[in-house]
Amino acid sequence: MSRALTLVITRDVNSRYRGFLRSAMAEIASGIYVSTQLNSDARDRLYEVIREWHETLNSGSITMIWRDKDAAADIGIRCLGTTQKDFCDVDGFLLTRKKK
């Protein structure tokens, strides 16, 4: 299994997320976590735990980004909660725009 850079950005989340994410990733700035050591199975498991918590707590927002050769611009994105941006695939390029 290949490993690629994984980035998780959190905003206005419960402290349990921070402790959990710090156990698997480096917190490079407040609410921003990065790892080059997660394979796809570990990344999926990490996301499932976060998703389950988010369904229960229903607060804050979390965005996970990683290299995905099958996605637009080779970037996989998963979002929980409210985001300030929409992501669009335009001819293979990943673009963002402010939500209306």
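## Contacts, fold and ring cluster

Threonine 10 touches Leu21, Gly31, Tyr33, Ser61 and Ile62, leaving aside residues up to four places away in sequence. The model is predicted. Threonine 10 sits in strand E1, which covers residues 6-11. Its relative accessible area is 13%. That value is under 20%, so threonine 10 counts as buried. Threonine 82 lies 72 residues from threonine 10 in sequence, yet the two are 11 Å apart in space, C-alpha to C-alpha.

Now the whole chain. It holds 2 helices and 7 strands. Read from the N terminus, the order is β-α-β-β-α-β-β-β-β. The C-alpha trace spans about 40 × 40 × 25 Å along its principal axes. The radius of gyration is 14 Å. A compact globule of 100 residues would have a value near 13 Å, so the chain agrees with that expectation.

Buried residues account for 28% of the 100 residues. The accessible surface comes to about 6500 Å², and carbon and sulfur atoms hold 48% of that surface. Contacts also reach along the sequence. Among those between residues at least 6 apart, 46% join residues at least 24 apart.

Next come the rings. The chain has 2 aromatic pairs. One is formed by tyrosine 17 and tryptophan 53. This pair links distant parts of the chain: tyrosine 17 is in helix H1 (residues 15-24), while tryptophan 53 is in helix H2 (residues 40-57). Phenylalanine 20 and tryptophan 53 form another pair. Phenylalanine 20 lies in helix H1 and tryptophan 53 in helix H2, so this pair ties together parts 33 residues apart in sequence.

| Aromatic pair | Centre to centre | Angle between planes | Geometry |
|---|---|---|---|
| Tyrosine 17 and tryptophan 53 | 5.7 Å | 80° | edge-to-face |
| Phenylalanine 20 and tryptophan 53 | 5.2 Å | 65° | edge-to-face |

How exposed are its members? Tyrosine 17 is buried, with a relative accessible area of 0%. Tryptophan 53 is partly exposed, at 22%. Phenylalanine 20 is partly exposed too, at 23%.

Last, the surface. Val90, Phe93 and Leu95 form a nonpolar patch there. Together they have about 290 Å² of accessible area. Phenylalanine 93 belongs to strand E7, residues 93-98. Its relative accessible area is 58%. That is over 50%, so phenylalanine 93 counts as exposed.

Key:
Residues are numbered from 1 along each chain as its sequence is written. This is a predicted model: local features need pLDDT of at least 70, side-chain atom pairs count only at pLDDT 80 or more; totals for chains, interfaces and linings use all residues. Side-chain values use heavy atoms; hydrogens and water are left out. Patches are made of residues with over 30% relative accessible area and no salt bridge: like charges are joined within 9 Å, nonpolar side chains (Val, Leu, Ile, Met, Phe, Trp, Tyr) within 5 Å. Accessible areas come from the Shrake-Rupley method with a 1.4 Å probe; for residues, only the protein chains shown count as cover. A salt bridge is a side-chain nitrogen of Lys or Arg within 4 Å of a carboxyl oxygen of Asp or Glu. Helices (H or I, at least four residues) and strands (E, at least two) are DSSP runs, numbered from the N terminus. Buried means under 20% relative accessible area, exposed over 50%, partly exposed in between (1.4 Å probe, protein chains only). Contact means heavy atoms within 4.5 Å. The radius of gyration is taken over C-alpha atoms; the globule rule is 2.2 Å times the number of residues to the power 0.38. Rings of Phe, Tyr and Trp (its six-membered ring) pair if their centres lie within 6.5 Å; planes under 30 degrees apart count as stacked, over 60 as edge-to-face and the rest as tilted.
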